[in-house]
Amino acid sequence: MPASAEVTRTVVLPADRKRVWDAVTRPAPLSRWLGAEVEIDLRPGGTGTVVGEDETVRRLVVEEVVPGRRLTFHWWPADREAATPRDAGASTVEIGLDEVPAGTRVTVTETAPANPAPAAAAAMASDAASASARRVLLATR
Amino acid sequence: MTTGDPTEVGVVFAALADATRRDVVVHLSSDGPATPTQLAARLPVTRQAVAKHLAALESAGLVAVSREGREARYRFTPEPLADAMSWITDVGLQWDRRLDALRALLGEEAG
């Protein structure tokens, strides 16, 4: 069992790495596969929006751009109001490209945060506190 | 929890990344509720270590505690694990769909 919740998918696409890199970083092609409408400011710290086919809206922040090789970003549902991606419980997506004889291997990994954000931790702690309170109440009844 | 909320999913996996904590969960799920003393008798760890692991599992929502006499009795609560598994499944299906669309897009451009 992995130490963190992560999902990995690998596909080999019959296209050279440059074409695939364009498709995974430019808003126009991204809006054809990552979501229905994608905006992205492709630089570390750059922000973006992904409107899904199902009309869910996600915010994203770019973590790392290694041209032609790797794009890493954090994303989270836009309806979650939080000061930082971490507070919003953002998951991390890494898209890596490698040249292989048949074209380009694309490896996508999405990882859930391994530690609760402060806000989520507080909510969980208060759940735990109310659970303890209930136990005390039941025990003293 | 919804599949759009990966925080608790991550917490569940972090809790289960430890082999002893997995053993504790296996014991509780197969043998039923137990006290830290009973668990320590079945596992190669001290009662204190078991108590620490149980606290970590409790904060991830994987065990629940009830008091019986002087000792706490813990039971396995599987819901967070089911939520974590459905996050894995749902996120995987979403990427399958997206990568199919990416493949179609690149095929289209080539042709």
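Which are the buried residues of α2(B)? Keep in mind that this is a predicted model, then select helix α2, residues 19-31 of chain B, and within α2(B) highlight B:Arg21, B:Val24 and B:Leu28, which are the buried ones. These residues lie on the same side of α2(B), because they cover an arc of only 55° around its axis.

Next, turn to the face of α2(B) that points away from its buried side, where you will find the exposed residues B:Ala19, B:Val26, B:Ser30 and B:Asp31. Step just past the end of α2(B) and select B:Gly32, whose phi is positive, at about 90°.

Now select the whole of chain B, which holds five helices and two strands, and follow its elements from the N terminus in the order α-α-α-α-β-β-α. With the C-alpha trace displayed, chain B spans about 75 × 25 × 20 Å along its principal axes, and its radius of gyration is 20 Å, whereas a compact globule of 111 residues would have one near 13 Å.

Finally, colour chain B by burial: of its 111 residues, 32% are buried. If you draw the contacts in chain B with a separation of 6 or more, 54% of them are accounted for by residues 24 or more positions apart.

Technical notes. Residues are numbered from 1 along each chain as its sequence is written. Chains are lettered from A and ligands numbered from 1 in the order in which they are written. This is a predicted model: local features need pLDDT of at least 70, side-chain atom pairs count only at pLDDT 80 or more; totals for chains, interfaces and linings use all residues. Helices (H or I, at least four residues) and strands (E, at least two) are DSSP runs, numbered from the N terminus. The radius of gyration is taken over C-alpha atoms; the globule rule is 2.2 Å times the number of residues to the power 0.38. A residue is buried if 20 or more other C-beta atoms lie within 10 Å of its own, exposed if 12 or fewer, and partly exposed in between; C-beta atoms are placed from the backbone. Two residues are in contact if their C-beta atoms, placed from the backbone, lie within 7 Å. The expected span of a helix is 1.5 Å times one less than its number of residues. The arc is that of the directions from the helix axis to the C-beta atoms.
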